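Subject: Structure handover and what was found in it

Dear colleague,

I am passing on the structure below, together with an account of what was found when it was examined. Please look at it first and then read on.

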Amino acid sequence: MTVDVIILNRNLKAVTDQLAKHLAKLNGIGGVYVADSGSTDAEISSRTIAREDSEFARINGLRINRGFNLGLLEWLKLDNSSEWVLLLPNDAELVSANLNELLELVEGTSDIAAIVPITDDNPYSSLIQESGASLVWNIHEGPIMLRRNFVVDSVVLAGQVFDSSNFRSYASFLDLSFKIYASDRCIVATNLLRFRENKLHQLTKHTLIGTEPQDESLALLLAEGKKWMALKYGFTDRRNLELATRLLFEEFCIVHPEVDIKPAI
């Protein structure tokens, strides 16, 4: 069993290609691909399988939701048999990987739709089972692995996996968690695959990347994200979405005691 990789790039070809080259050498990795989120011609990776070069994308980029959707739609068209795809922002840096052990651990649990790599500073880190994985629900944007059948089902049902109307991806992975548990599937957090975020790219290269300075970007994320959440869920506070997702998570754990991987509690 192998894992394919899709890296989201925007005007950081050298960073993206270095990450791709590193990952391609790992045991358990299948194809390594790039989805491009409005880069200039000079910053396109040779591994790019999907590119958005509209005027909107060139000016604003696609961000996580639309960028990952773009890559996933093209990935499904590829002639390969990988059951899992790892989605990475190009500011992710590999810390450690034991993919073979991770895939063996989740192989017998068909209910798992997503796997979230976590690092030592993650609140879940001290709650992970000795096996290296636990069921979780409150996840944040970053690297994530998705199972092929969940991607296919999402595309058939809605034409996308992530909500493209949530442009700046506010509470995007919490929204994904709600969707997964509502479909009677689950999410696993693991320390068998670990990444860290290189925050220097956003701080020092935001002009090259084509995004706002960090403070401005955060303000827009909150303002636009709360409007999106109110329209979709009728909630005015993220905590309401957290509560709804947690209830679905707890229901899954009650209904599926046969799942060997236990919740992080």
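A pocket, as the word is used here, is an open set of grid points at which a 1.4 Å probe fits and which has protein on both sides within 12 Å along at least five of seven lines, and its lining residues are those with an atom within 4 Å of a point. Please keep in mind throughout that this is a predicted model.

The pocket

In that sense, the largest pocket has a volume of about 1600 Å³, and it is lined by 45 residues, of which Ile 64, Pro 89, Asp 91, Glu 141 and Glu 197 lie nearest its centre. By class, the lining comprises 19 nonpolar, 16 polar and ten charged residues. At least two lining residues come from each of several elements, namely strands E1 (3-9), E6 (112-117) and E10 (193-197) and helices H3 (63-75), H7 (200-204) and H9 (214-233). Which of the elements gives the largest share of the lining? That is H9, with four residues.

The sheet

Eight strands make up an open sheet of mixed pairing, and their order is E3-E2-E1-E4-E8-E6-E9-E7. Its edges are strand E3 (48-52) and strand E7 (133-136), each of which pairs on one side only, and the twist from one strand to the next averages 25 degrees.

Within this sheet, E1 pairs in the parallel sense with strand E2 (residues 29-37) over six bridges, and Asn 9 stands opposite Asp 36 in E2. E1 is also joined to E4 by six bridges, again with the two strands running parallel, and there Ile 6 has Leu 87 of E4 as its bridge partner. E4 and strand E8 (residues 144-147), by contrast, run antiparallel and are joined by four bridges, with Arg 147 in E8 as the bridge partner of Trp 84.

Strand E4 (residues 84-89) deserves a separate look, since six of its six residues are buried. Trp 84, Leu 86 and Leu 88 point one way from the strand, whereas Val 85, Leu 87 and Pro 89 point the other way, and all are buried. Pro 89 is also one of the residues that lie nearest the centre of the largest pocket.

In helix H4 (residues 99-106), the buried residues include Leu 99, Leu 102, Leu 103 and Val 106. Seen down the axis of H4, its buried residues fall within an arc of 95 degrees, so they line one face of the helix.

Phe 56 lies in helix H2 (residues 55-60) and is partly exposed, its relative accessible area being 39%. The C-alpha atoms of Phe 56 and Gly 38, which are 18 residues apart along the chain, are separated by 8.2 Å.

Two backbone angles to check

Most residues other than glycine have a negative phi. Asn 11, although not a glycine, has a positive phi of about 60 degrees; this residue lies in the loop between E1 and helix H1 (13-24). With a relative accessible area of 6%, Asn 11 is buried, the cut-off for that word being under 20%. Ser 169 likewise has a positive phi, near 65 degrees, and its place is in the loop between helix H5 (148-158) and helix H6 (172-182). Ser 169 also counts as buried, at 4% relative accessibility.

With best regards

Notes:
Residues numbered from 1 in each chain as written. Predicted model: local features only at pLDDT ≥ 70, side-chain atom pairs only at ≥ 80, totals over all residues. Heavy atoms only, no water. 1 Å grid on protein atoms, 1.4 Å probe; cavity = no way out; pocket = protein on both sides within 12 Å on 5 of 7 lines; lining within 4 Å. Points joined across faces, edges and corners; volume = space filled by probe spheres on them. Nonpolar A, V, L, I, M, F, W, Y, C, P; charged D, E, K, R; others polar. Buried < 20%, exposed > 50% of the residue type's maximum accessible area, 1.4 Å probe, protein only. Arc of directions from axis to C-beta. Pairing = 2+ DSSP bridges. Axes fitted to C-alpha atoms, helices over the stretch in contact; angles between N-to-C directions.
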